[in-house]
Amino acid sequence: MERSRGAEGGRVAQEIVQIRSALKAAGYSTRKRPKQAVWTIGVDQGKSYYLTFQPAPISAWVLHPLDDAPTYHHLSNLIGLALTQH
């Protein structure tokens with residue numbers, strides 16, 4: 001069990017580097033929130049989204065707040081592309 005937790009932690013660390021790099025290249029700023037596994041993604045006009053990793057059994061990245069804005073879909077697509085390009 002400990003070994004899988006460590007492997008997941010390493011994978012998550014690698015993925016957040018890829019995600020942050022893709023977001024920075026697209027002109028977004030990211031900042032880790034203190035003492036939380038949450039990254040704030042700065043968007044235009046003071047709006048921000050929060051990116052969190054949901055551990056097992058979900059094991060996926062989640063972008064909050066969930067909405068139907070074009071920016072949300074753009075961020076979601078950027079994150080998905082970053083994760084598929086290893």
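Tutor: Start with the hairpin formed by β1 and β2, which has 5 residues between the two strands. Lys35 in the turn has a positive phi of about 60 degrees. Keep in mind that this is a predicted model.

Student: How many bridges join β1 to β2?

Tutor: The two strands, residues 29-32 and 38-42, run antiparallel and are joined by 4 bridges. Within this pairing, Arg31 stands opposite Thr40 in β2.

Student: Which residues have the most contacts inside the largest nonpolar core?

Tutor: That core has 18 residues, and Ile19, Leu51, Trp61, Leu63 and Leu75 have the most contacts inside it. Two or more residues each come from α1, β2, β3, β4 and α2. The largest share, 5 residues, is from α2. Setting aside residues up to four places away in sequence, Ile19 touches Leu51, Trp61, Ile79, Ala82 and Leu83.

Student: How many aromatic pairs are there?

Tutor: Ring pairs are judged by the distance between centres and the angle between planes. The count here is 3. Tyr49 and Tyr72 form a tilted pair, 5.9 Å centre to centre with 50 degrees between the planes. This pair links strand β3 to helix α2, across 23 residues. Both tyrosines, Tyr49 and Tyr72, are buried.

Student: Why is the pair of Phe53 and Trp61 edge-to-face?

Tutor: Planes over 60 degrees apart count as edge-to-face. The planes of Phe53 and Trp61 are at 65 degrees, with centres 5.2 Å apart, so the pair falls in that class. Phe53 and Trp61 are both buried. Ring pairs also link them with Trp39 into a cluster, and the charged end of Lys32 sits over the ring of Trp39, 5.7 Å from its centre.

Definitions and conventions: Residues are numbered from 1 along each chain as its sequence is written. This is a predicted model: local features need pLDDT of at least 70, side-chain atom pairs count only at pLDDT 80 or more; totals for chains, interfaces and linings use all residues. Side-chain values use heavy atoms; hydrogens and water are left out. Two strands pair if DSSP finds at least two bridges between them. A nonpolar core is a set of buried Ala, Val, Leu, Ile, Met, Phe, Trp, Tyr and Cys residues joined through side-chain atoms within 4.5 Å. Buried means under 20% relative accessible area, exposed over 50%, partly exposed in between (1.4 Å probe, protein chains only). Contact means heavy atoms within 4.5 Å. Rings of Phe, Tyr and Trp (its six-membered ring) pair if their centres lie within 6.5 Å; planes under 30 degrees apart count as stacked, over 60 as edge-to-face and the rest as tilted. A charge sits over a ring if NZ of Lys or CZ of Arg is within 6 Å of the ring centre and within 35 degrees of the ring normal.
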